[in-house]
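Biologist: Thanks for sitting down with me! Could you walk me through how the labels here were reached?

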Amino acid sequence: MKIIPIFILALSLQVANSQVKEINPPDYIKTINFKGDTDQTQLPVLKLDEYLVLEFDALNGNEEDYYYKIQHYNFDWTPSALAKSEYLGGFDNQRIRDYQNSYNTLQIYSHYKLTIPNQFTKQLKKSGNYIISIFNNDGELVFTRKFMVYEDKVDVGVTIKRTRDIQYIQEKQRVEIIISPSSIQLNNPMQTVKTLVVQNNNLNSAIVGLKPQYTIGTQLIYRYDKESSFWGGNEYLYFENKDIRSASNGVQSIDLQDLYHNYLFTNTQRSTKPYTYNPDINGNYLITNVNDVDVSIESDYAWVHFSFKPNPDFNTNASVFIYGNFNNYALNESNKMTYDAQRGIYTGSLLLKQGFYNYKYVTLDNDIINEGAISGNFYQTENNYKVLVYYRDLGGRYDRIIGLGEASSVNISN
(Lines give C-alpha, C1' and ligand atoms only; values in the text may rest on other atoms or scores of the structure.)
Protein backbone atom coordinates (compact mmCIF):
# COMPACT_ATOMS: atom_id res chain seq x y z
CA MET A 1 0.00 0.00 0.00
CA LYS A 2 1.29 3.47 -0.84
CA ILE A 3 0.14 4.89 2.47
CA ILE A 4 2.61 3.01 4.65
CA PRO A 5 5.75 5.17 4.32
CA ILE A 6 4.08 8.50 5.04
CA PHE A 7 2.11 7.17 7.98
CA ILE A 8 5.22 5.66 9.53
CA LEU A 9 6.80 9.10 9.17
CA ALA A 10 3.72 10.83 10.56
CA LEU A 11 3.59 8.54 13.57
CA SER A 12 7.25 9.23 14.32
CA LEU A 13 6.73 12.98 14.05
CA GLN A 14 3.43 13.39 15.85
CA VAL A 15 4.92 13.30 19.34
CA ALA A 16 3.23 16.54 20.30
CA ASN A 17 -0.25 15.24 19.74
CA SER A 18 0.34 12.05 21.75
CA GLN A 19 0.56 13.75 25.15
CA VAL A 20 -2.90 15.28 25.66
CA LYS A 21 -5.79 14.42 23.40
CA GLU A 22 -8.90 16.50 23.09
CA ILE A 23 -11.97 15.14 24.87
CA ASN A 24 -14.96 14.98 22.55
CA PRO A 25 -18.43 15.82 23.89
CA PRO A 26 -21.37 13.53 24.69
CA ASP A 27 -24.14 13.11 22.12
CA TYR A 28 -26.31 15.92 23.51
CA ILE A 29 -23.60 18.56 22.87
CA LYS A 30 -23.60 19.62 19.21
CA THR A 31 -22.12 22.24 16.88
CA ILE A 32 -19.02 23.26 18.82
CA ASN A 33 -18.04 26.41 16.98
CA PHE A 34 -14.52 27.41 18.03
CA LYS A 35 -12.88 30.32 16.24
CA GLY A 36 -11.06 33.61 16.34
CA ASP A 37 -11.90 36.44 13.96
CA THR A 38 -13.23 34.17 11.20
CA ASP A 39 -16.78 33.29 10.16
CA GLN A 40 -15.93 29.60 9.81
CA THR A 41 -15.13 27.41 12.76
CA GLN A 42 -11.52 26.25 12.66
CA LEU A 43 -8.46 25.64 14.80
CA PRO A 44 -8.04 28.98 16.58
CA VAL A 45 -4.55 30.47 16.23
CA LEU A 46 -4.70 33.90 17.83
CA LYS A 47 -2.32 36.77 18.10
CA LEU A 48 -1.80 38.02 21.65
CA ASP A 49 -4.69 40.32 22.66
CA GLU A 50 -7.04 38.99 19.97
CA TYR A 51 -10.36 37.53 21.04
CA LEU A 52 -11.56 33.94 21.09
CA VAL A 53 -15.14 32.67 20.65
CA LEU A 54 -16.50 29.29 21.73
CA GLU A 55 -20.14 28.40 20.98
CA PHE A 56 -22.03 25.15 21.40
CA ASP A 57 -25.57 23.77 21.68
CA ALA A 58 -26.94 21.54 24.42
CA LEU A 59 -29.84 19.44 23.12
CA ASN A 60 -30.92 17.85 26.41
CA GLY A 61 -33.30 20.70 27.26
CA ASN A 62 -32.07 21.06 30.84
CA GLU A 63 -30.70 24.62 30.60
CA GLU A 64 -27.68 23.47 32.58
CA ASP A 65 -24.87 25.69 33.77
CA TYR A 66 -21.45 25.19 32.17
CA TYR A 67 -18.08 26.39 33.41
CA TYR A 68 -14.73 26.83 31.69
CA LYS A 69 -11.11 26.45 32.71
CA ILE A 70 -8.00 27.38 30.73
CA GLN A 71 -4.59 25.75 31.04
CA HIS A 72 -1.25 26.53 29.42
CA TYR A 73 0.81 23.76 27.80
CA ASN A 74 4.28 23.16 26.44
CA PHE A 75 5.06 22.42 22.81
CA ASP A 76 4.61 18.67 23.44
CA TRP A 77 1.22 19.20 25.16
CA THR A 78 2.50 18.53 28.65
CA PRO A 79 1.37 21.10 31.28
CA SER A 80 3.74 24.04 31.46
CA ALA A 81 5.47 25.16 34.65
CA LEU A 82 3.69 28.53 34.65
CA ALA A 83 1.32 29.41 37.45
CA LYS A 84 -2.15 30.41 36.29
CA SER A 85 -1.59 34.02 37.36
CA GLU A 86 1.41 34.16 35.01
CA TYR A 87 -0.51 33.34 31.84
CA LEU A 88 -4.06 34.42 32.72
CA GLY A 89 -5.23 37.90 33.63
CA GLY A 90 -8.32 37.66 35.82
CA PHE A 91 -10.01 34.36 36.62
CA ASP A 92 -11.31 31.25 34.92
CA ASN A 93 -13.57 28.54 36.39
CA GLN A 94 -16.46 30.87 35.64
CA ARG A 95 -19.98 30.11 34.51
CA ILE A 96 -20.81 30.74 30.85
CA ARG A 97 -23.41 33.45 31.28
CA ASP A 98 -24.32 34.11 27.66
CA TYR A 99 -26.91 31.53 26.63
CA GLN A 100 -30.27 31.52 24.85
CA ASN A 101 -32.89 28.92 24.08
CA SER A 102 -33.72 28.04 20.49
CA TYR A 103 -36.61 29.85 18.86
CA ASN A 104 -39.20 28.35 16.50
CA THR A 105 -37.28 25.10 15.94
CA LEU A 106 -38.42 21.48 15.99
CA GLN A 107 -35.29 20.50 17.89
CA ILE A 108 -35.18 22.26 21.25
CA TYR A 109 -31.71 23.34 22.38
CA SER A 110 -29.85 25.90 24.46
CA HIS A 111 -27.10 27.87 22.74
CA TYR A 112 -24.05 28.87 24.82
CA LYS A 113 -21.48 31.46 23.83
CA LEU A 114 -18.18 32.30 25.52
CA THR A 115 -15.96 35.18 24.43
CA ILE A 116 -12.44 35.68 25.79
CA PRO A 117 -11.44 38.23 27.00
CA ASN A 118 -14.52 38.99 29.10
CA GLN A 119 -15.30 40.69 32.42
CA PHE A 120 -13.74 37.83 34.41
CA THR A 121 -11.04 36.46 32.10
CA LYS A 122 -9.42 39.66 30.98
CA GLN A 123 -6.27 38.56 29.15
CA LEU A 124 -4.14 35.67 27.97
CA LYS A 125 -0.72 36.99 28.92
CA LYS A 126 1.60 34.43 27.34
CA SER A 127 1.87 32.87 23.93
CA GLY A 128 1.90 29.11 23.52
CA ASN A 129 -0.43 26.11 23.53
CA TYR A 130 -3.67 26.21 25.49
CA ILE A 131 -6.57 23.91 26.26
CA ILE A 132 -10.01 25.15 27.26
CA SER A 133 -12.09 22.66 29.27
CA ILE A 134 -15.85 22.82 29.70
CA PHE A 135 -17.44 21.37 32.86
CA ASN A 136 -21.06 20.88 33.89
CA ASN A 137 -22.64 21.92 37.17
CA ASP A 138 -21.49 18.67 38.83
CA GLY A 139 -17.86 19.37 37.97
CA GLU A 140 -17.81 16.67 35.29
CA LEU A 141 -15.65 17.30 32.23
CA VAL A 142 -17.87 17.68 29.16
CA PHE A 143 -15.31 18.42 26.42
CA THR A 144 -11.98 20.12 25.71
CA ARG A 145 -10.53 22.04 22.78
CA LYS A 146 -6.98 23.09 21.90
CA PHE A 147 -5.95 26.53 20.69
CA MET A 148 -2.76 28.51 20.19
CA VAL A 149 -1.67 32.07 20.93
CA TYR A 150 1.31 33.61 19.15
CA GLU A 151 3.57 36.66 19.24
CA ASP A 152 4.74 38.39 16.09
CA LYS A 153 8.50 38.11 16.62
CA VAL A 154 9.63 36.34 13.43
CA ASP A 155 8.53 36.38 9.81
CA VAL A 156 7.56 32.90 8.60
CA GLY A 157 7.75 32.37 4.85
CA VAL A 158 5.80 29.32 3.66
CA THR A 159 5.97 27.90 0.13
CA ILE A 160 4.10 24.83 -1.13
CA LYS A 161 5.82 22.67 -3.74
CA ARG A 162 5.40 19.24 -5.30
CA THR A 163 7.37 16.46 -3.72
CA ARG A 164 10.74 15.58 -5.20
CA ASP A 165 10.03 11.88 -4.66
CA ILE A 166 9.16 10.60 -8.16
CA GLN A 167 7.10 7.76 -6.67
CA TYR A 168 4.63 10.23 -5.15
CA ILE A 169 5.04 13.26 -7.39
CA GLN A 170 1.38 13.12 -8.46
CA GLU A 171 0.06 12.67 -4.92
CA LYS A 172 2.01 14.72 -2.39
CA GLN A 173 2.69 18.32 -1.45
CA ARG A 174 5.66 19.49 0.58
CA VAL A 175 6.15 22.57 2.72
CA GLU A 176 9.25 24.78 2.56
CA ILE A 177 9.84 27.23 5.42
CA ILE A 178 12.08 30.26 5.93
CA ILE A 179 12.10 31.81 9.43
CA SER A 180 13.46 35.36 9.61
CA PRO A 181 13.81 36.95 13.08
CA SER A 182 12.43 40.50 13.16
CA SER A 183 12.47 41.54 16.82
CA ILE A 184 14.10 38.63 18.63
CA GLN A 185 17.50 36.94 18.71
CA LEU A 186 17.28 33.16 18.34
CA ASN A 187 19.95 31.56 20.49
CA ASN A 188 21.07 28.04 19.56
CA PRO A 189 18.09 27.53 17.21
CA MET A 190 18.81 23.84 16.59
CA GLN A 191 17.82 23.22 20.22
CA THR A 192 15.49 26.10 21.06
CA VAL A 193 13.33 26.43 17.92
CA LYS A 194 10.57 23.94 17.07
CA THR A 195 7.91 23.97 14.37
CA LEU A 196 4.37 22.68 13.89
CA VAL A 197 2.99 22.30 10.36
CA VAL A 198 -0.79 21.91 10.08
CA GLN A 199 -2.79 21.04 6.97
CA ASN A 200 -6.39 22.35 6.83
CA ASN A 201 -6.51 23.06 10.58
CA ASN A 202 -6.40 19.33 11.34
CA LEU A 203 -4.05 18.50 14.22
CA ASN A 204 -4.48 14.76 13.57
CA SER A 205 -2.17 14.96 10.57
CA ALA A 206 0.18 17.70 11.80
CA ILE A 207 3.96 17.33 11.37
CA VAL A 208 6.10 18.37 14.33
CA GLY A 209 9.75 18.42 15.24
CA LEU A 210 11.32 19.71 12.02
CA LYS A 211 14.77 21.20 12.64
CA PRO A 212 16.33 23.87 10.41
CA GLN A 213 18.54 22.28 7.76
CA TYR A 214 20.86 25.26 7.56
CA THR A 215 21.07 29.00 8.17
CA ILE A 216 21.77 31.99 5.95
CA GLY A 217 22.69 34.89 8.19
CA THR A 218 19.94 34.90 10.82
CA GLN A 219 17.46 33.04 8.61
CA LEU A 220 16.51 29.43 9.36
CA ILE A 221 15.92 27.36 6.21
CA TYR A 222 13.73 24.24 5.99
CA ARG A 223 13.75 22.53 2.59
CA TYR A 224 12.92 18.96 3.44
CA ASP A 225 11.17 16.58 1.12
CA LYS A 226 9.81 13.45 2.83
CA GLU A 227 9.92 14.95 6.31
CA SER A 228 7.68 17.90 5.38
CA SER A 229 5.41 16.17 2.85
CA PHE A 230 1.66 15.75 3.15
CA TRP A 231 -0.68 13.67 1.06
CA GLY A 232 -2.47 16.07 -1.27
CA GLY A 233 -5.90 14.54 -0.63
CA ASN A 234 -8.83 15.76 -2.68
CA GLU A 235 -11.27 18.62 -2.49
CA TYR A 236 -13.94 18.08 0.15
CA LEU A 237 -17.46 17.13 -0.77
CA TYR A 238 -20.17 19.49 0.42
CA PHE A 239 -23.86 20.02 1.01
CA GLU A 240 -25.99 22.99 2.04
CA ASN A 241 -29.31 22.81 3.87
CA LYS A 242 -29.84 26.41 4.87
CA ASP A 243 -33.38 26.00 3.53
CA ILE A 244 -34.29 22.93 5.51
CA ARG A 245 -37.63 22.44 3.78
CA SER A 246 -36.31 22.04 0.24
CA ALA A 247 -33.61 20.09 -1.54
CA SER A 248 -30.60 22.25 -2.44
CA ASN A 249 -26.85 21.82 -3.06
CA GLY A 250 -25.96 18.19 -2.48
CA VAL A 251 -29.39 17.31 -1.03
CA GLN A 252 -31.43 14.89 -3.13
CA SER A 253 -34.62 14.71 -1.08
CA ILE A 254 -36.16 15.67 2.25
CA ASP A 255 -38.62 14.10 4.63
CA LEU A 256 -40.36 15.50 7.72
CA GLN A 257 -40.73 13.11 10.64
CA ASP A 258 -40.09 14.19 14.22
CA LEU A 259 -37.32 16.31 12.68
CA TYR A 260 -36.43 17.03 9.08
CA HIS A 261 -34.42 14.35 7.30
CA ASN A 262 -32.10 15.40 4.45
CA TYR A 263 -30.94 12.67 2.08
CA LEU A 264 -27.76 13.51 0.19
CA PHE A 265 -26.87 12.25 -3.26
CA THR A 266 -24.86 9.03 -3.16
CA ASN A 267 -21.14 9.74 -3.54
CA THR A 268 -18.78 7.49 -5.48
CA GLN A 269 -15.17 6.53 -4.91
CA ARG A 270 -12.87 9.21 -6.34
CA SER A 271 -9.46 7.61 -5.77
CA THR A 272 -9.40 6.07 -9.27
CA LYS A 273 -10.80 9.09 -11.10
CA PRO A 274 -8.91 12.12 -12.45
CA TYR A 275 -8.64 15.18 -10.25
CA THR A 276 -11.40 17.76 -10.72
CA TYR A 277 -11.15 21.22 -9.19
CA ASN A 278 -14.12 21.96 -6.97
CA PRO A 279 -13.75 24.92 -4.55
CA ASP A 280 -14.20 24.01 -0.90
CA ILE A 281 -13.56 25.50 2.55
CA ASN A 282 -11.00 22.85 3.49
CA GLY A 283 -13.17 20.74 5.76
CA ASN A 284 -14.81 23.58 7.68
CA TYR A 285 -18.48 24.41 8.06
CA LEU A 286 -20.62 27.52 8.40
CA ILE A 287 -23.95 27.73 10.23
CA THR A 288 -26.41 29.60 8.04
CA ASN A 289 -30.15 29.91 7.55
CA VAL A 290 -31.97 31.41 4.60
CA ASN A 291 -34.96 32.74 6.53
CA ASP A 292 -33.87 33.79 10.02
CA VAL A 293 -31.94 36.65 11.55
CA ASP A 294 -30.11 35.00 14.47
CA VAL A 295 -28.73 31.78 13.00
CA SER A 296 -27.33 30.67 16.34
CA ILE A 297 -30.79 30.09 17.89
CA GLU A 298 -33.16 30.08 14.89
CA SER A 299 -31.40 27.39 12.83
CA ASP A 300 -32.94 23.95 13.21
CA TYR A 301 -31.34 20.51 13.34
CA ALA A 302 -31.85 17.85 10.70
CA TRP A 303 -30.83 14.24 10.30
CA VAL A 304 -28.47 14.23 7.33
CA HIS A 305 -28.20 10.87 5.57
CA PHE A 306 -24.91 10.11 3.78
CA SER A 307 -24.25 7.29 1.34
CA PHE A 308 -21.12 6.16 -0.47
CA LYS A 309 -20.80 3.57 -3.25
CA PRO A 310 -17.33 1.98 -3.37
CA ASN A 311 -15.62 0.44 -6.37
CA PRO A 312 -16.03 -3.34 -6.80
CA ASP A 313 -12.47 -3.99 -5.56
CA PHE A 314 -12.89 -1.88 -2.40
CA ASN A 315 -12.17 -3.67 0.88
CA THR A 316 -15.63 -3.68 2.46
CA ASN A 317 -14.15 -4.89 5.75
CA ALA A 318 -12.59 -1.44 6.20
CA SER A 319 -14.07 0.93 8.75
CA VAL A 320 -15.40 3.99 6.89
CA PHE A 321 -16.15 7.32 8.61
CA ILE A 322 -17.71 10.65 7.64
CA TYR A 323 -14.91 13.15 8.26
CA GLY A 324 -14.75 16.91 8.74
CA ASN A 325 -14.47 19.80 11.17
CA PHE A 326 -18.14 19.42 12.12
CA ASN A 327 -16.98 17.02 14.87
CA ASN A 328 -13.35 18.13 15.14
CA TYR A 329 -12.15 15.34 12.81
CA ALA A 330 -12.99 12.72 15.43
CA LEU A 331 -13.69 9.08 14.53
CA ASN A 332 -16.36 7.49 16.70
CA GLU A 333 -19.51 5.42 16.49
CA SER A 334 -21.68 8.41 15.63
CA ASN A 335 -19.93 9.08 12.30
CA LYS A 336 -19.01 5.49 11.46
CA MET A 337 -20.78 4.16 8.37
CA THR A 338 -22.50 0.81 7.93
CA TYR A 339 -22.05 -1.35 4.85
CA ASP A 340 -25.28 -2.48 3.17
CA ALA A 341 -24.19 -5.59 1.25
CA GLN A 342 -27.52 -5.91 -0.57
CA ARG A 343 -27.32 -2.39 -2.02
CA GLY A 344 -23.51 -2.31 -2.19
CA ILE A 345 -23.23 1.05 -0.41
CA TYR A 346 -22.10 2.49 2.91
CA THR A 347 -24.66 4.57 4.82
CA GLY A 348 -24.52 6.86 7.82
CA SER A 349 -26.61 9.57 9.48
CA LEU A 350 -25.63 12.64 11.50
CA LEU A 351 -27.72 15.15 13.41
CA LEU A 352 -26.42 18.51 12.15
CA LYS A 353 -27.44 22.12 12.45
CA GLN A 354 -28.47 23.92 9.28
CA GLY A 355 -25.60 25.29 7.27
CA PHE A 356 -22.92 24.67 4.67
CA TYR A 357 -20.72 21.65 5.40
CA ASN A 358 -17.56 20.15 3.95
CA TYR A 359 -17.02 16.44 4.45
CA LYS A 360 -15.15 13.46 3.04
CA TYR A 361 -15.01 9.72 3.64
CA VAL A 362 -11.92 8.18 5.28
CA THR A 363 -10.90 4.70 6.35
CA LEU A 364 -9.37 3.55 9.63
CA ASP A 365 -7.06 0.53 9.72
CA ASN A 366 -4.91 -0.37 12.75
CA ASP A 367 -5.51 3.11 14.20
CA ILE A 368 -4.14 4.75 11.04
CA ILE A 369 -6.41 7.21 9.25
CA ASN A 370 -6.22 7.04 5.45
CA GLU A 371 -7.82 10.15 3.96
CA GLY A 372 -6.97 9.13 0.40
CA ALA A 373 -8.31 5.56 0.24
CA ILE A 374 -11.71 6.80 -0.99
CA SER A 375 -11.10 10.40 -2.08
CA GLY A 376 -7.68 9.88 -3.65
CA ASN A 377 -4.51 11.97 -3.38
CA PHE A 378 -3.67 14.65 -5.95
CA TYR A 379 -0.90 17.23 -5.89
CA GLN A 380 -3.27 19.78 -7.48
CA THR A 381 -5.63 19.82 -4.46
CA GLU A 382 -6.05 23.22 -2.84
CA ASN A 383 -5.04 22.90 0.83
CA ASN A 384 -4.34 25.45 3.53
CA TYR A 385 -1.11 25.19 5.54
CA LYS A 386 -0.16 26.88 8.80
CA VAL A 387 3.35 26.87 10.28
CA LEU A 388 3.77 27.79 13.95
CA VAL A 389 7.22 28.54 15.32
CA TYR A 390 7.93 27.71 18.98
CA TYR A 391 10.87 29.04 20.96
CA ARG A 392 12.20 28.32 24.45
CA ASP A 393 15.30 30.33 25.19
CA LEU A 394 18.10 28.85 27.27
CA GLY A 395 16.76 28.77 30.81
CA GLY A 396 13.20 29.51 29.65
CA ARG A 397 10.27 28.10 31.60
CA TYR A 398 7.76 27.66 28.78
CA ASP A 399 7.46 27.34 24.99
CA ARG A 400 6.52 30.60 23.32
CA ILE A 401 4.96 30.75 19.86
CA ILE A 402 6.89 33.53 18.19
CA GLY A 403 5.50 33.44 14.67
CA LEU A 404 2.82 32.17 12.31
CA GLY A 405 3.08 31.60 8.58
CA GLU A 406 0.28 30.55 6.25
CA ALA A 407 0.05 29.50 2.61
CA SER A 408 -2.27 27.82 0.14
CA SER A 409 -1.32 25.18 -2.40
CA VAL A 410 -3.46 26.86 -5.05
CA ASN A 411 -0.24 28.14 -6.68
CA ILE A 412 1.84 25.02 -6.06
CA SER A 413 5.10 24.85 -8.01
CA ASN A 414 7.73 22.23 -8.80
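Biologist: Why is N328 called partly exposed?

Modeller: The relative accessible area of N328 is 21%. Buried means under 20% and exposed over 50%, with partly exposed in between (1.4 Å probe, protein chains only). N328 is therefore partly exposed. Bear in mind that this is a predicted model, where local features need pLDDT of at least 70, side-chain atom pairs count only at pLDDT 80 or more, and totals for chains, interfaces and linings use all residues. Residues are numbered from 1 along each chain as its sequence is written, and side-chain values use heavy atoms, leaving out hydrogens and water.

Biologist: And what is the relative accessible area of E63?

Modeller: For E63 the value is 40%, so E63 is partly exposed as well. Phi of E63 is near 50°, a positive value in a residue other than glycine.

Biologist: What makes the largest nonpolar core a core?

Modeller: A nonpolar core is a set of buried Ala, Val, Leu, Ile, Met, Phe, Trp, Tyr and Cys residues joined through side-chain atoms within 4.5 Å. The largest such set has 27 residues, and F56, Y66 and I70 are among those with the most contacts inside it.

Biologist: How do you know that β4 and β10 pair?

Modeller: Strands are DSSP runs of E, at least two residues, numbered from the N terminus, and two strands pair if DSSP finds at least two bridges between them. β4 and β10 have eight bridges, in the antiparallel sense, so they count as paired. H72 stands opposite Y130 in β10.

Notes:
Helices (H or I, at least four residues) and strands (E, at least two) are DSSP runs, numbered from the N terminus.
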